[in-house]
Structures are given as C-alpha cells and as structure tokens.
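Me: I have not looked at this structure before. Could you take me through it?

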Amino acid sequence: MQTLFTAEQLRDPDIAAANHELRTCVHCGFCTATCPTFQLLGDELDSPRGRIYLIKDMLEQGKPATEAVVRHVDRCLSCLSCMTTCPSGVNYMHLVDHARAYIENTYQRPFAERLLRRVLGATIPRPWLFRLALMGAGVARPMKGLIPGQSMLAKRMRAMLDLAPATIPPASAVEAPRVHPADGVTKARVALLAGCAQQVLSPAINEATIRLLTRIGVEVVIAREAGCCGSLNHHMGQHDAAMARAQANIEAWSAEKDARGLDAIIVNASGCGTTIKDYGFMFREAAPPLRDKAATVAGLTRDITEFLTEFGYAPTRPKPDLTVAYHSACSLQHGQKVTTAPKTLLSRAGFRVVEPAEGHLCCGSAGTYNMLQPEIAGQLRDRKLANIRRTKPDLIAAGNIGCMTQLGGQGLPMVHTIELLDWMAGGPIPAALADRG
Ligand code: SF4
Ligand code: SF4
C-alpha cells in the first residue's frame, strides 16, 4: 500500500513502524473473511482492511482522531485473527496498538466514557482494588434492573454487573512473592506471572500451575515487584500506564534472572503472554540496558502449555471418561501461534478433545471489550457457545481467564487447561467438575 508520510513524520519511530506495516499490506482483503466484527456487522470499515485504511489516513493527516475512526477502531477486538490469515505478514497488532494510543492522545471521549476507561485501567490491574470492585458489583447486581435506558453507558453498566462472579474465591497464599521449591531434584527454575484479574477470579489456576510444576521438578518463583503485564492498559491506549507496568515486570524478572537464574517465564493467561512476548518491540527505543532486558524477558516467556510440551508431562491417573471442548483463546492461537500444544497435552492426559466449528472466531471477551462493547461481545459469546454445544462436551477448557469469564456460567463447566493437566497428574479435581458431583 502506498503511504504519504513526510520525512519529518517518519522520524517518529512509531510512525516509521506503522509505515512499515501499512506498506506491507497489499489490500487483498483476505483478512475480512476471518474478522469477527466484519462477520457480524458486514461493514468494510469494521474489517481489518477498512481499519487499516482509517488508521493510515489518520496517521498521515496527523490530525486528531475523528469520531468515526474511534468508533471502528474501538469495535476491533484485537483478536488478531487477521494476522493469522494475512498472506503478506502485516503486523496488525502493532498497527492497532499504535492507533489506540494515538486516539487516546488526540480524541476527547465523552466524560462518562473517559471516566469508565480510567476506572477500568486503574482497578483491574490491582488485585486488591479489583476484589473490592467485584464485591461492590455483587451488592449492586440485584439492582441491575433499575439501570434505566438503552444508552451505551447503561448497557455497559449492566454488562459489568453480569460479568461479576456471584462468589469471589478467597485470595490464595501461593501468589505472594516467594520461591516454591521443586519436589526432589530441581531440574529447572522458572518465574510465574501471578497476574492481576486472574488471581482474584480464579486463584485455582496459579495453584494448579505451581503444584504441577513443582511436582515435576521445577522451582517456581513469584518475583517481588512483578504484577500486571500491562496489556489491559495497552489495549485501551493507556500507553504510559502500560509501559510502567511492563517495565516493573522486566526489572523484577531481570533481577531474579541475574541473582539465581531463570529457564523461563511462565504465563498461564494467554492474553498476558501475548503482550509479554512483545515487550522487546514495546521497548525497542528504550535506552540500554532496559531495551536488552525487555528483549531477554520476551524471549524467555512461555505459555504454560509450551513449557510443559518442551519439559515433559506425564499423567498418573487413569483416563477420565470426559469429552473436553477445547476453546482456543485468540491470544494463544493468533497472538502466540500456540495451537497444538494444549490439545496434545489434554489428549495425553486422557481426555477426548473436540474442537468446535469456527474455532478461529473470538468469544467476545478480549480484555475489557465485553464491558465496553457488550452487544457485539454478547453476539460472539452466543455464537461461540452454540458451536461448543454442538460438540456435546462434558466441559470446556481454555487457557485464558478472559475467555473463561466470558464462556463460564452458561451451563457447562469451564476449566483452565492447567487445572485438568494437574488433576490427571495427581492434583485435586477442578472445583467446576467437583461441584457437578
Ligand atoms: S490480508 Fe493482509 S495484506 Fe491483505 S488486506 Fe488484510 S492485512 Fe492487508
Ligand atoms: S484484530 Fe480481530 S476484530 Fe480486529 S480487525 Fe483483526 S480480525 Fe478484526
């Protein structure tokens, strides 16, 4: 695609990177076929190619974003299905990430929306604050019917109350900064991202991860000062907050690596994994040593299923008579290109694994998307669940807490892949299955 940036514009490294991606796009339109929002809305401007044109025009003009551009970019899930489809290798993620930050800097959203986005960006990454917010949502939920009208704000408020779980599990002791020693001989040493929202919504995921890793000879450290990966802020265009959170993790894991060595940084929430693996790009213009540390951290990062595939996994229990519908989170399949490892491990653990139709389409979770775009998110969730139910599974497994929140509570037990792998290797039965009796 021809671009018309001036030499002065191209001195900005973000514009130069965007220019590279724009010039890589040959506007063939293949990506429209797999874009969830184009599938639902049928508008070219809600397709990857349409958004690329809008972003190109916005950046070339160098003017504040318009309401129309913001509307179509906001509707993008950042599911990255278009990146899997694109034959030219356009890195749409970098393009839309830059567009979101540009919009945040140049466009004045309505006050209520600004406030909502600020509150989400400040609350969800802090587990103690997120827990308080969920408790408040639990109190407010019975009054959901009193929220008047069909405005976007009213719909968003109702969506947030719907998404808040009925009960919040107690905080787990395993997520405090400490070392979890390996059982027996230590064969490897890893850092685990304890995360933010996940540890509040489902502490069982980190517990299962630590239990399984330590049982097979892996020492697990929860590094002091490591926290939210920054992706939640990143995807809302809150650039400075995202970079600050990412830098804190980079420094924490680098210090741990220098002090006692790290073979990997393990992530069990694939949305976070996609962002951490991109730290090298995010800090490409940082001064050394931060730039090099970021690249090293990105290179060490593994989804838990990637690590287990490389390190080895062996079940110890008899095969369960259960059919698992594996939901491939977009961030895992499109963002990290981890597609076979989770299914292979689940099969090795003894489950019958089925894959729903339209597996490439997003479930509508997408970070804060299901709160900010509740109508599209709801349609995608219903479509995903209908496809899952057609496979007649006993349960759903996924490797991302966002998808689990989006698809859980809809009549089928929703379990993280690692909970199933841990169970079959000697851990406790996942609560979602135990509750069924
Ligand atoms: S598939 Fe790739 S090259 Fe073709 S229009 Fe989409 S982004 Fe551009
Ligand atoms: S990231 Fe997903 S929603 Fe956004 S343009 Fe690409 S395919 Fe469409």
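The questions and answers below go through the ligands, the helices, the sheets and a few backbone details.

Me: What kind of model is this, and how are its residues numbered?
Reply: It is a predicted model, in which local features need pLDDT of at least 70 and side-chain atom pairs count only at pLDDT 80 or more, while totals for chains, interfaces and linings use all residues. Chains are lettered from A and ligands numbered from 1 in the order in which they are written, and residues are numbered along each chain as its sequence is written, from 1.

Me: Which residues come nearest to ligand 1?
Reply: A residue is near a molecule if its C-beta atom, placed from the backbone, lies within 6 Å of it. Helices (H or I, at least four residues) and strands (E, at least two) are DSSP runs, numbered from the N terminus. Helix 3 gives the largest share of the shell around ligand 1, three residues. Of the 15 residues around this ligand, those that come nearest are Cys-25, Cys-28, Cys-31, Cys-86 and Ser-88.

Me: Which elements give two or more residues to the shell around ligand 2?
Reply: There are 13 residues around ligand 2, and Cys-35, Pro-48, Cys-76, Cys-79 and Cys-82 come nearest. The elements that give two or more are helix 2 (36-41), helix 3 (48-61) and helix 5 (81-85).

Me: Is helix 13 roughly parallel or roughly perpendicular to helix 16?
Reply: Helix 13 (residues 239-260) and helix 16 (residues 290-300) have axes 9 Å apart, at an angle of about 80°. Axes are lines fitted to C-alpha atoms, for helices over the stretch in contact, and angles run from 0 to 180 degrees between N-to-C directions. Angles under 35 degrees count as roughly parallel, over 145 as roughly antiparallel, 65 to 115 as roughly perpendicular and the rest as oblique. Helix 13 is therefore roughly perpendicular to helix 16.

Me: Which residue of strand 5 stands opposite Ile-266?
Reply: Two strands pair if DSSP finds at least two bridges between them. Strand 4 (residues 264-267) is joined to strand 2 (residues 188-192) by three bridges, running parallel, and Leu-192 has Ile-266 as its bridge partner. Strand 4 also pairs with strand 5 (residues 301-303) in the parallel sense, over three bridges. In strand 5, the residue opposite Ile-266 is Arg-302.

Me: Where is the cis peptide bond from Pro-288 to Pro-289?
Reply: The omega of this bond is near 10°. Pro-289 is found in the loop between helix 15 (279-282) and helix 16.

Me: Does His-27 count as buried or exposed?
Reply: His-27 has a positive phi of about 40° although it is not a glycine. A residue is buried if 20 or more other C-beta atoms lie within 10 Å of its own, exposed if 12 or fewer, and partly exposed in between, with C-beta atoms placed from the backbone. His-27 has 12 C-beta neighbours inside 10 Å, so it counts as exposed.
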